[in-house]
There are 2 protein chains.
Amino acid sequence: MENELFSYTIEATDATTHARAGVFKTAHGDIPTPIFMPVGTKATVKGVWADQLKAAGAKIILANTYHLSQRPGADLIARLGGLHNFEKWDGPILTDSGGFQVFSLAEHMKLSDDGITFRSVDYDGAHTTWTPEKNMEIQQLLGADICMQLDVCPPFPASREKVKRAVELSSAWAARCKAAHTKKDQALFGIVQGGMHLDLRRQSIEALEKIGGFPGYGIGGFSVGEDHETMFETLSPFCEKFMPKEKPRYLMGVGNPTTLLRAVASGIDMFDCVLPTRTARMGTAFSSQGRINLKHAKYEEDSGVLDENCTCPVCTTGYSKAYLHHLEKQKEMLGAEMLSVHNIHYLLNLMREAREAIIAGSYQEFLTAFLVSLAANDF
Amino acid sequence: MENELFSYTIEATDATTHARAGVFKTAHGDIPTPIFMPVGTKATVKGVWADQLKAAGAKIILANTYHLSQRPGADLIARLGGLHNFEKWDGPILTDSGGFQVFSLAEHMKLSDDGITFRSVDYDGAHTTWTPEKNMEIQQLLGADICMQLDVCPPFPASREKVKRAVELSSAWAARCKAAHTKKDQALFGIVQGGMHLDLRRQSIEALEKIGGFPGYGIGGFSVGEDHETMFETLSPFCEKFMPKEKPRYLMGVGNPTTLLRAVASGIDMFDCVLPTRTARMGTAFSSQGRINLKHAKYEEDSGVLDENCTCPVCTTGYSKAYLHHLEKQKEMLGAEMLSVHNIHYLLNLMREAREAIIAGSYQEFLTAFLVSLAANDF
């Protein structure tokens, strides 16, 4: 990759677990891994200002190709200087392909070997066809630093036949995406499918490597409804045995703190999820003591902060759980805003601590201490 | 007032208009006048962080006694250290009496010489009676730097008889509030009523001064449905002829930029209004070119900022009207957040510029230039 504008360097590997600490370089800055990437679906991390994301230590944010292609449209964003200029984020951005959202349209979506035809019923209901080439065109217009191949996301549970078919089609589309992708300052990641079948996962990554490989790999088709144990039964041996060591591994759609840390132990480097902002809008905060539902009456007169150990502006300013409870009960916007900032800060900080532990060679102890402290909580 | 913890000093008076520049000192800081005070009804300026208010130059914010007495309750706020600690605002705070909100309960409210009995139908529907003494007790528990007397707010239009009765009862309640008010680091302002009747306005202020006067005066009963010309026909001569010169004058509930500047010319020192945040949540921004409704399709591809002259973080970061249009159309929280910060910044800046013009002796020119630039707009 030495001729590219991006590269991945592994700085440390943990002695006991499979955790790694690395840096993915992009034209808009370095991304230390392991990392959590806040999701800005519609070119905004819901409720949070860019300077608040920066202050929380966000190094890369996501945007969603499906939603942005519907409104305001990729052409318009390109004419306005691309996503970085549109949303005024000068750090790295990753766009997912939007495939996951299109497959979620269910009966409004039709899959063929050539692509996906769908009706955007959550927007104007227009019919659109995405070939791999068309999807690349859109993501290149959006202009993120990392884009994702268009892949096939089977529902869960799906028959082995269906999962196998998804792997084969995703592999074929990976080759077409790679051929269509020309933007030199944008890294194109391939996506591994294969559900809970280790052999199909292996088949998927081998097919991607066979066509010359990608500068990074998304791992899709997990966290789609299966329990965590089921996921790790496939994910851990898959990463250990079959994933190329020198490429970043991005477990798509996972944001639960415990799952994040366990996946890091399996060798995952990158994560994204709407969880921190979505739970915030429902009135829930992450904390080192477990989740806190601020709507609960027991916080009515609680003068304590969300988390004594937290360095986010909500906790360091000293806002009480009683104040946040009041904001939640009165449906004040500031409640969701504060919890969003806190939750994002919490996950970013957790990943920073994980990275430091990997470098210090003490990741297993770090993970164990975390799991023990949360053992009594539904986290 | 030399024995008090607050004082008002006039620093400059305009040569041509009746505008004044002054400073009201409180235990939590100095308030330069003329000033606009952002409204934080339920102990939060909707959608805006305290550090964003500070950065916009807010020197004092409001909170509402009616709403806070309902939820979370004044006792609870007192136990949590008062409003300053509850909402983490270390600058001056003003609480209005809540009388205006209680009178808005209309058929759920009953007025007697002794007080107001009401049913809080927008909360739990409980029956409450506010005497002037009870209202003072609540405002002292909230602990703002400035509190307002309980007054009688007649509907508009009201018969002269009704307005006269409101003046008499407000005067009597002013005396009772003054007698009941004991918090030494909290200034109690009297409120002038009298509708559009200059003689009743005069009767009102004379009654307040007769009982020893107050460190400042609210002017209520304007901006209640009458047009601006009608208001100024009474307000201007009233301020000029009958208001004591050495006390700050607070025109309650006015936030329209043009009206603010004209009222400053009439000698008003303080303003509050929910307008900047309410219009923001409806997708509208103030600007030196008039109001901008970001939902309008004409902004879909507008790469310009809201106001080239604005120093708020939205404009200086360079967020385009196209981006704000997108946020509005997609009902993204960040749209209302950004417009709220911008609008508050706009009004605070307008008052700073007004103050500078007064001190420079050029307020008339400043006002004229503003009115001319907006002549073609519905501002």
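## Two domains and a two-fold pair

In this predicted model, the centres of domain 1 of chain A and domain 2 of chain A, taken over C-alpha atoms, are separated by 26 Å. According to the domain assignment, domain 1 of chain A covers 7–273 and domain 2 of chain A covers 274–379. Across the boundary, 33 residues of domain 1 of chain A are in contact with 29 residues of domain 2 of chain A. On the domain 1 side, two or more residues come from each of strand E1 (7–13), strand E2 (20–26), strand E4 (35–38), helix H1 (50–55) and helix H10 (257–265) of chain A, and H10(A) gives the most, with six residues. By class, this side of domain 1 of chain A has 21 nonpolar, eight polar and four charged residues.

The second contact to consider is the one between the chains, where 30 residues of chain B are in contact with 30 residues of chain A. On the side of chain B that touches chain A, at least two residues each are supplied by helix H3 (74–79), helix H4 (82–87), helix H13 (321–329) and helix H14 (333–360) of chain B, with H13(B) giving the most, five residues. The make-up of the two sides described here is set out below.

Helix H14 (333–360) of chain B, one of the helices on the side that touches chain A, is mostly covered, since 23 of its 28 residues are buried. At 1.5 Å a residue, the 28 residues of H14(B) should span 40 Å, and the end C-alpha atoms of H14(B) are 41 Å apart, which agrees. H14(B) is followed by Gly361(B), which has a positive phi, near 75 degrees.

As for confidence, chain A averages a pLDDT of 96, and 98% of the residues score at least 70, while the model scores ipTM 0.97 and pTM 0.97.

Note on methods:
Residues are numbered from 1 along each chain as its sequence is written. Chains are lettered from A and ligands numbered from 1 in the order in which they are written. This is a predicted model: local features need pLDDT of at least 70, side-chain atom pairs count only at pLDDT 80 or more; totals for chains, interfaces and linings use all residues. Two residues are in contact if their C-beta atoms, placed from the backbone, lie within 7 Å. Helices (H or I, at least four residues) and strands (E, at least two) are DSSP runs, numbered from the N terminus. The expected span of a helix is 1.5 Å times one less than its number of residues. A residue is buried if 20 or more other C-beta atoms lie within 10 Å of its own, exposed if 12 or fewer, and partly exposed in between; C-beta atoms are placed from the backbone. Domain bounds come from an automatic or database domain assignment. Ala, Val, Leu, Ile, Met, Phe, Trp, Tyr, Cys and Pro count as nonpolar, Asp, Glu, Lys and Arg as charged, and the others, Gly among them, as polar. pLDDT is the predictor's confidence in each residue, from 0 to 100.
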